[in-house]
Amino acid sequence: MTGTTSIGAAVRDALVAVANPAKAGDMQAYMKSSMPFLGVQKPARTSALRPLLSAYRPSTRATWESDVRAVWDGAQFREERYAAISLSAVRAADDWQDVGTLALYRHLITTGAWWDLVDEVAVRRVGPILRADRVAVTPVMRAWAGEEDLWLRRTAIICQVTARRDVDHALLREVVDVNAADRSFFIRKAIGWALRDHARYDDTWVRALLDEMGDRLSLLSRREAEKHL
């Protein structure tokens, strides 16, 4: 299955088949989403999409990117956007997870513009691309950290979450520093999350950064960062 129309229709059909309208309203309210839900929770969504995603074999990068965008942009229900994110991670696209794909992920981030969509892309898609090619991707993350778009900045901050000991300290310090004065909850929380995660592997470095930044960091960021110290 490689055609844009067929993959989009197949995704929707698979999700509609397991929809639970009784849960849809509560899911939409919880996520504060203007886009309605079908009422498909993650386990059911994963099971419903598994055969489709396993069989998906795009012939080219352009086909794969077009299909991801089509499912994403054509979504009528939020679960379809979750499916587009899953489609972006199919094994057949492993060779295309590189700096050239950041334009696609930028589109998902800026048009998704909410944590349930952005965080998965930031941590599970952008992060591995950064670690695989720091020379090409680090300047992009530095640029995103200073963008007007809040969600690009959040991505630059949290993209190294789960990197364990493979964190670029200079980049993490820079993206935190650039955004330390931002009052947005999602930026303050992102800073705290990024530092809290890294504190599991290098608490000395995180303590030193907290001391260095002092009250330039918000109380929320500091409280989150200190949870494992």
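1. **Cover over α10.** In this predicted model, the buried residues of α10 are covered by, among others, α7 (115-132), α8 (134-145), α9 (150-158), α11 (185-199) and α12 (203-213). The helix itself spans residues 169-179. Its buried residues are Leu 171, Leu 172, Val 175, Val 176 and Asn 179. They sit on the same side of α10, because they cover an arc of only 125 degrees around the axis.

2. **α9.** This helix is mostly covered, with eight of its nine residues buried. The buried set is Trp 151, Leu 152, Arg 153, Arg 154, Thr 155, Ala 156, Ile 157 and Ile 158. Note that Arg 153 and Arg 154 are in that set. The partners of the buried residues are α6 (102-112), α7, α8, α10 and α11.

3. Thr 110 belongs to helix α6. Its relative accessible area is 28%, so it counts as partly exposed. Beyond neighbours within four places in sequence, Thr 110 contacts Asp 149 and Leu 152. Leu 152 is one of the buried residues of α9. Thr 110 and Leu 152 lie 42 residues apart in sequence, with 6.9 Å between their C-alpha atoms.

4. **Glu 79: buried or exposed?** Buried: its relative accessibility is 0%. Glu 79 sits in helix α5, residues 78-87. Once neighbours within four places in sequence are set aside, its contacts are Leu 15, Met 27, Pro 36, Phe 37, Leu 38, Gly 39, Val 40 and Arg 45. Arg 45 is 34 residues away along the chain, and the two C-alpha atoms are separated by 7.8 Å. These are contacts by heavy atoms within 4.5 Å. **Val 11.** Val 11 is in helix α1, residues 4-17. It is buried, with a relative accessible area of 3%. Leaving aside residues within four places in sequence, Val 11 touches Leu 49, Leu 52, Val 71 and Ala 83. Leu 49 and Leu 52 fall in the stretch of α3 (42-55). Val 71 falls in that of α4 (61-73). Ala 83 falls in that of α5. Val 11 and Arg 216 are 205 residues apart in sequence, and 46 Å lies between their C-alpha atoms.

5. **Ala 75.** This residue is in the loop between α4 and α5. Ala 75 counts as buried, at 13% relative accessibility. Not counting residues up to four places away in sequence, it touches Arg 12, Met 35, Glu 80 and Arg 81. Val 11 is 64 residues away in sequence from Ala 75, with a C-alpha to C-alpha distance of 9.8 Å.

6. **Positive phi values.** Most residues other than glycine have a negative phi. Lys 32 has a positive phi of about 50 degrees, although it is not a glycine. It lies in the loop between α2 (21-31) and α3. Lys 32 counts as exposed, at 67% relative accessibility. Arg 164 is another non-glycine with a positive phi, of about 60 degrees. It is in the loop between α9 and α10.

7. **Fold content.** How many helices and strands does the chain have? It has 13 helices and zero strands. Of the contacts between residues at least 6 apart in sequence, 70% join residues at least 24 apart.

8. **Overall dimensions.** The radius of gyration is 19 Å. For 229 residues a compact globule would be near 17 Å, so the chain agrees with that expectation. Along the principal axes, the C-alpha atoms fill a box of roughly 55 × 40 × 30 Å.

9. **Surface and charge.** Buried residues account for 48% of the 229 in the chain. The accessible surface is about 10,700 Å², and 51% of it belongs to carbon and sulfur atoms. The chain carries 33 positive and 30 negative charges, whose mean positions are 4 Å apart.

Methods:
Residues numbered from 1 in each chain as written. Predicted model: local features only at pLDDT ≥ 70, side-chain atom pairs only at ≥ 80, totals over all residues. Heavy atoms only, no water. Helix = DSSP H or I, 4+ residues; strand = E, 2+ residues; numbered from the N terminus. Rg over C-alpha atoms; globule rule 2.2 N^0.38 Å. Buried < 20%, exposed > 50% of the residue type's maximum accessible area, 1.4 Å probe, protein only. Areas by Shrake-Rupley, 256 points an atom, 1.4 Å probe, with all protein chains shown as cover. Lys, Arg positive; Asp, Glu negative; His and termini not counted. Charge placed at Lys NZ, Arg CZ, Asp CG, Glu CD. Arc of directions from axis to C-beta.
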